[in-house]
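Work through the exercises below with the model open. Each task is followed by a solution in steps.

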Amino acid sequence: MLRIDPRDAVPIWKQIEEGLRRLVGAGSLRPGRPVPSVRDLARELRVNPMTVSKAYQRLADGGVFVVRRGEGTFVAEGPPQLTRAERAKTMREAASRYVSLAATLGVSKDEAAREVAAAWDGTRRGRGEE
Amino acid sequence: MSGGEADVVSVEGLAVRYGPRTVLEGVSFQVPRGSVFALLGRNGTGKSSLVRCALGLQKPARGGVRLFGEDAWVSRKRAMGRVGVVPEQPDAPPEMTAGELLAFCAPFYPTWNGTAARDRLERYAVPRGVPFGRLSKGQKGAVMLALALAASPELLVLDDPTLGLDAVARRALYDELIGELADRGTTALVTTHDLDGIEPIADRVAVLHAAQLVVNETLDGLKGRFRRIRCGPSPAPFSWEPFESITAVEKDWGREAVVGNFTEERRAAFMARAGSDNVEVVALSLEEIFLSLAGTAGGLS
């Protein structure tokens, strides 16, 4: 489900954040359902609990998770409530990272666009929205 | 939990000498509350001397260590009630059983949690009735860890805790450490040679080399600035600029360097000169970073 690579250049908290975002996006973590406790996920991934906390905090700030005091952390019921500008900024940054990677691999613009379309379809299929 | 000091341990201009030999010189760093601080260095670089100074067991030649804001050498007695230690060599009276050791230590600590300690021994499968001296290396380590955690310490000092442990015992130790961090937010100072094991847990890293501190920063920061860069054949004169190379070698296919000042801007500048399809940039594990820093002196010393 959630895999991290401590040797990767991407910080672990970011790998966790992006991995959980992916699981929510693909519907593996369903809206309204509780997410694992920081302690459990830290032990499962064998990482510092503060690292998991940081990822959870960012997901809560981003509206992907909601924290209910005394109850725990849950997947938000709807898509995160972001302003149009925040959403555009997030998408632009992610796209820029992806394009940099594609460019350093020598991938063409068309090929990169095809991969985006394929990933989009794969994610939708996972959610049963085909 | 008493004391709100931001830094649980503060090493200030520490120098340690054994006769004419200088083991540490001018070493300074802080262990912030709640952090997991990995102190790395080859054998003989003074890690254990530093730990002894931090625990008030050794008087520095110069400088000192503050524990919870107080000098460790002067205020050892007061500070040690708040510190749990797993020493490099498990050390306890060989004729006492694990249960007897727990009962013996309990009265010294107001924060002692005997139930948790007995649960841990059970979890580690340490036999109750066997004297300490007859336990295996892993079991002795497990007893030391149970004793250290039983006092609900604010600071946990682990001096090469995985030394001599098999894979199962090592995993159990990290599980225990992660649980402790999650439950109590304990600060940890860890010396270790198990870089792969500590990499996902540490948040700050310091490296001792030739009696001095050559690295002291967050693990994310350290990993962000180190890269291995490979560059195919390129016209002379060649330069790694704007990178600063820690180690650089010539290969049949070109050249390779480990650089310690990587940024995306520098990557772009270097690629513009060297040709982007001629350059490969690879992230490094903590172990690879350590090897490039501490391995430059080379050899089995």
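The C-alpha centres of domain 1 and domain 2 of chain A lie 23 Å apart. The model is a predicted one, in which local features need pLDDT of at least 70 and side-chain atom pairs count only at pLDDT 80 or more, while totals for chains, interfaces and linings use all residues. Residues are numbered from 1 along each chain as its sequence is written, and chains are lettered from A and ligands numbered from 1 in the order in which they are written.

**Exercise 1. Describe the layout of chain A and the domains of both chains.**

Step 1. Chain A has five helices and two strands; helices (H or I, at least four residues) and strands (E, at least two) are DSSP runs, numbered from the N terminus. Along the sequence they follow the pattern α-α-α-β-β-α-α.

Step 2. The C-alpha trace of chain A spans about 50 × 35 × 30 Å along its principal axes.

Step 3. In chain A, domain 1 covers 12-75 and domain 2 covers 84-126; such bounds come from an automatic or database domain assignment. In chain B, domain 1 is 7-220 and domain 2 is 227-283, with 40 Å between their centres, taken over C-alpha atoms.

**Exercise 2. Work out how α2(A) is placed against α3(A).**

Step 1. The two axes come within 8 Å and cross at roughly 120 degrees. Axes are lines fitted to C-alpha atoms, for helices over the stretch in contact, and angles run from 0 to 180 degrees between N-to-C directions.

Step 2. α2(A) is therefore oblique to α3(A). Angles under 35 degrees count as roughly parallel, over 145 as roughly antiparallel, 65 to 115 as roughly perpendicular and the rest as oblique.

Step 3. On the α2(A) side the contact is made by A:Val38, A:Arg39, A:Leu41 and A:Ala42, and on the α3(A) side by A:Pro49, A:Val52, A:Ser53 and A:Tyr56. Contact here requires C-beta atoms, placed from the backbone, to lie within 7 Å.

**Exercise 3. Trace the four-stranded sheet of chain B.**

Step 1. The sheet is open, with the order β12-β13-β11-β14 and antiparallel pairing. Two strands pair if DSSP finds at least two bridges between them.

Step 2. β12 (245-251) and β14 (279-283) of chain B are the edge strands, each pairing on one side only. Neighbouring strands of this sheet are turned by 15 degrees against each other on average, direction ignored.

Step 3. β11 (227-231) and β13 (254-259) of chain B pair in the antiparallel sense over five bridges. B:Arg230 stands opposite B:Glu256 in β13(B).

Note on methods: Two residues are in contact if their C-beta atoms, placed from the backbone, lie within 7 Å.
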